[in-house]
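Some labels in a structural description rest on a cut-off.

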Amino acid sequence: MTLHGARIGAGEVGEFVCIETQQHAILGRINQIKLPDRERLSVEPHMGKPPQSHPLGLVQLLCSMSLSSGEVSTGISSFPRIGASVFSAHPDLLCKIAEFAKADDEDVLALSIATLARDDKTPVKLTPEKLFGRHAAILGATGGGKSWTIARIIESLAKSNAKVILIDATGEYHTARNGVRHLHLGADQPPLSSEEVVLPYQAMSIHDLFAMFRPSGQSQAPKLRAAMKTLKLLKLENSLAVNGLFVKANQSKSLFNAAYVKHIVAVDADEADFDINKLPQQIEHECIALNNSGNWGNVNGNEQSYCSSLIARIASMVSAPEFACIFKPGAKKSLFAAMAEFFADKDNRVLRVSLRDVAFASNAREIVANTIGKHLLTAARTGCFQAKPVVVILDEAHNFINKSIGDEFSRHYLDSYELIAREGRKFCLNLCLATQRPRDLPEAVLSQMGTMIVHRLTNNNDRELVEKASGDIDRSAAGFLPTLAPGEAILVGTDFAFPVSVKIIPPVSPPDSRGPNYQKLWAASSTIT
């Protein structure tokens, strides 16, 4: 049935209802409909007048609304009595209780991303405060509509005066247009609309390079650390260098030690400011015998042998084409320089950074993403985003959060986005995580997400983790998650009085997230006999 142009379910499972009490209206959701055992046969087809049935409905009570003031409060202010009237909830009432922005409220900046699941004529418009104010998470299994949600949010943000950075791990959002600037790292055949940038190793930390080079803890790590410090010192005191290197064997320590004391703060800092092409050779010069005199000892062949695998690995990585965007940046524009241009340009709203062609080897992709997050958090801590808040959308977040690299001797934690989740909000840097594997994210990070858009989840562990982390979605609401159709989601959060079922509006430029077309690719294959 319809009422004022809106469809009313009139007793369907999943429908919202209002129960009237003396001073409040209680919003509830029908979770179960059944017949008494003695009336089960009454619904069978009959000749003539059908017998009367008395169905029973199980309603979960969600929140209360004052009948006098219209104020909505979480929890149940007063429980209904037996015989209280129950009404089907009109979609406009649901929007009122959920406090969605109205379509005709022109003074409020609101993002039109969805409609009510049971009424596609009732828009769900969310203000940035409700969506990103306490961070957000977009969760859902493959094919549930997660990518469409991100694309729709990006399109809505591109129409506003926002500043958004999208970390695109797979490159599927290259179809985004109108207000979106595209950057890519390490691509051989990028989309025509994208600009190639580099992330020079100097923008990384010593710990990042240690994680990529993977030295053994007892023999190789001390020599690698010493070689990096020596090369950093040579850049500051060029007079000590011979062909860009410092040969320590049988040389006096006095000049080197004096220069080190002079520049100790810069040399011991975590910045990787040195010539990495000289690193393999300098490691060889660090392999010397111990000597307590004023000179260094002789070349130690055993230590050089121990470090030979590390030296070969570094030389191979520095010259490898897949790492050129890191170790051979040349004159190409730096990613951070492009980001600075983006923040300064009032006409740019969304910046997409594609990591599709960054190498998987040596955890380069994870380290690059972590470096980007670290850079943004550092800028936020200095107050760069106070006048213009920034939202970072991290796609495939399970690949970049709760990760550590190395062994027990040199463990390197990739924690920049976890730090943004914990402290970024007070520096006007908000995070929006998107993942199909919520169980791979720590519960402490998910619990920081004030708003969750949850698509279909079929894994029990995923649903239980979302239920624990949210606190606003209970087991009965989570029970609907496996049955959600593609594009449907449940919207939950601290700023919403109850979980709301929504249907995402299809984006104008859908992401390129399709799988292979087997009918097209396999149809012409020769028949195997």
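Q: Why is Phe343 called partly exposed?
A: The model is predicted, and in it Phe343 has a relative accessibility of 26%. Buried means under 20% and exposed means over 50%, so a residue in between is partly exposed. Phe343 therefore counts as partly exposed.

Q: What makes Phe342 buried or exposed?
A: The relative accessible area of Phe342 is 0%. The limit for buried is under 20%, so Phe342 is buried.

Q: How many aromatic pairs are there by the ring-centre rule?
A: The count comes to 11 aromatic pairs. The rule asks for ring centres within 6.5 Å.

Q: Why is the pair of Tyr201 and Phe327 called tilted?
A: The ring centres of Tyr201 and Phe327 are 6.2 Å apart, and the cut-off is within 6.5 Å, so they pair. Their planes stand at 40°. Stacked would need under 30 degrees and edge-to-face over 60, so the pair is tilted.

Q: Which parts of the chain does this pair link?
A: The pair links distant parts, 126 residues apart. Tyr201 is in the loop between β13 (194-197) and α4 (206-213), and Phe327 is in helix α11 (residues 324-327).

Q: How do you know whether Tyr201 and Phe327 are buried or exposed?
A: Tyr201 has a relative accessibility of 5%, and Phe327 has a relative accessible area of 3%. Buried means under 20%, so Tyr201 is buried and Phe327 is buried.

Q: What makes Phe342 and Phe343 an aromatic pair, and of which kind?
A: Their rings are 5.5 Å apart centre to centre, with 55° between the planes.

Q: Which residues form one aromatic cluster with Tyr201?
A: The cluster consists of Tyr201, Phe213, Phe274, Phe323 and Phe327.

Q: Which residues touch the most other members of the largest nonpolar core?
A: They are Phe213, Leu279 and Phe327, in a core of 101 residues. Helix α13 (residues 364-381) gives the largest share of this core, nine residues. Leaving aside residues up to four places away in sequence, Phe213 touches Leu279 and Phe327, among others including Leu224, Met228 and Ile276. A second, separate core has 49 residues, among them Ala89, Leu131, Val180 and Leu491.

Q: What makes Arg365 lie over the face of Phe360?
A: Arg365 is at 4.0 Å from the ring centre of Phe360, and the distance cut-off is within 6 Å. Lys130 likewise lies over the face of Phe496, at 5.4 Å from the ring centre.

Q: What is the strand order of the open sheet of five strands?
A: The order is β6-β5-β4-β3-β7, with antiparallel pairing.

Q: Why are β6 and β7 called edge strands?
A: β6 (72-74) and β7 (86-88) each pair on one side only. From one strand to the next, the twist averages 40°.

Q: How do you know that β5 and β6 pair?
A: Strand β5 (residues 56-66) and β6 share three bridges in the antiparallel sense. At least two bridges are needed, so the strands pair. Ser64 has Ser73 in β6 as its bridge partner.

Q: Which helix packs on this sheet?
A: Helix α1 (residues 91-98) packs on the sheet and touches β3 (16-20), β4 (24-34), β5 and β6. The direction of α1 makes about 50° with that of β5.

Q: In which sense does β19 pair with β10, and in which with β20?
A: Strand β10 (residues 136-139) and β19 pair in the parallel sense over four bridges, with Val454 in β19 as the bridge partner of Leu139. β19 and strand β20 (residues 488-493) pair in the antiparallel sense, also over four bridges, and Ile453 stands opposite Leu491 in β20.

Key:
Residues are numbered from 1 along each chain as its sequence is written. This is a predicted model: local features need pLDDT of at least 70, side-chain atom pairs count only at pLDDT 80 or more; totals for chains, interfaces and linings use all residues. Side-chain values use heavy atoms; hydrogens and water are left out. Rings of Phe, Tyr and Trp (its six-membered ring) pair if their centres lie within 6.5 Å; planes under 30 degrees apart count as stacked, over 60 as edge-to-face and the rest as tilted. Buried means under 20% relative accessible area, exposed over 50%, partly exposed in between (1.4 Å probe, protein chains only). A charge sits over a ring if NZ of Lys or CZ of Arg is within 6 Å of the ring centre and within 35 degrees of the ring normal. Axes are lines fitted to C-alpha atoms, for helices over the stretch in contact, and angles run from 0 to 180 degrees between N-to-C directions. Contact means heavy atoms within 4.5 Å. A nonpolar core is a set of buried Ala, Val, Leu, Ile, Met, Phe, Trp, Tyr and Cys residues joined through side-chain atoms within 4.5 Å.
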